[in-house]
Amino acid sequence: MDTVNKNNNDIYITLVGFNQFHGMKPFKINSLLKLVKDPNNHYDLEAIGVHMRYAGQVAYVANSTRTVIKGTMSGGRLYDKILDTDFAQVKFISNDSIIAKILTDDEIEELKKDPENDINFILED
């Protein structure tokens, strides 16, 4: 699979749909997010679900010109460039928007070194 060259460029995504789940409450700066492709989604064939430890699914990656914040990548552009499961980290939170950064392979490996890091608990979910 042709994955995003996550080591050369920072890739940011906009999160949407969080009000359908737990609202903004679970999100904090640097929260770890598990991105999971959702090919059976009836509304968006390129849907990418966003999951967190203890909360389950909390959002989707934005995939509409109305919802993707300028400077971030849409779910459609990202879909074929990431693994079926990948990871991101919350970097910006405003009153009604959340922006996360796709983690590089090196960043993921560094997080795995800490046995208490959330990544070690949501890898297999």
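**Burial, pairing and ring contacts in a predicted model**

Trainee: Why is Tyr60 called buried?

Mentor: Tyr60 has a relative accessible area of 19%. Buried means under 20%, exposed means over 50%, and partly exposed lies in between, with a 1.4 Å probe and protein chains only. Tyr60 is therefore buried. The model is a predicted one, in which local features need pLDDT of at least 70, side-chain atom pairs count only at pLDDT 80 or more, and totals for chains, interfaces and linings use all residues. Residues are numbered from 1 along each chain as its sequence is written, and side-chain values use heavy atoms, with hydrogens and water left out.

Trainee: What makes Phe21 and Tyr60 a tilted pair?

Mentor: Rings of Phe, Tyr and Trp (its six-membered ring) pair if their centres lie within 6.5 Å; planes under 30 degrees apart are stacked, over 60 edge-to-face, and the rest tilted. The centres of Phe21 and Tyr60 are 6.1 Å apart and their planes stand at 50°, so the pair is tilted. Phe21 lies in the loop between E1 and E2 and Tyr60 in strand E4, so the pair ties together parts that are 39 residues apart in sequence. Phe21 itself is partly exposed, at 30% relative accessibility.

Trainee: What makes the pair of Phe18 and Phe27 edge-to-face or stacked?

Mentor: Their ring centres are also 6.1 Å apart, but the planes are at 70°, so this pair is edge-to-face. Phe18 counts as buried at 6% relative accessibility, and Phe27 at 5%. The whole structure holds three aromatic pairs.

Trainee: How do you know that the strands form a barrel, and in what order?

Mentor: Six strands close in the order E1-E4-E3-E2-E5-E6, with antiparallel pairing. Strands (E, at least two residues) and helices (H or I, at least four) are DSSP runs numbered from the N terminus, and two strands pair if DSSP finds at least two bridges between them. E2 (residues 32–37) and E3 are joined by four bridges, with Lys37 opposite Ile48. Four bridges also link E3 to E4 (residues 56–61), where Gly49 faces Tyr60. E5 (residues 85–93) and E6 (residues 98–102) share five bridges, one of which pairs Ala88 with Ile102.

Trainee: Why is strand E3 described as largely enclosed?

Mentor: Four of the five residues of E3 (residues 48–52) are buried, so the rest of the structure largely encloses this strand. E3 and E4 form a hairpin with three residues between them, and Tyr54 in the turn has a positive phi of about 75°.

Trainee: What makes a set of residues the largest nonpolar core here?

Mentor: A nonpolar core is a set of buried Ala, Val, Leu, Ile, Met, Phe, Trp, Tyr and Cys residues joined through side-chain atoms within 4.5 Å. The largest such set has 22 residues, and those with the most contacts inside it include Phe27, Leu33 and Val50. A second, separate core has seven residues, among them Phe87 and Ile119.

Trainee: How do you know that Lys37 and Arg53 sit over rings?

Mentor: A charge sits over a ring if NZ of Lys or CZ of Arg is within 6 Å of the ring centre and within 35 degrees of the ring normal. Lys37 lies over the face of Tyr79, at 4.7 Å from the ring centre. The charged end of Arg53 is 3.6 Å from the ring centre of Phe121, over that ring.

Trainee: Is Lys101 buried or exposed?

Mentor: Lys101, in strand E6, has a relative accessible area of 6% and is therefore buried.
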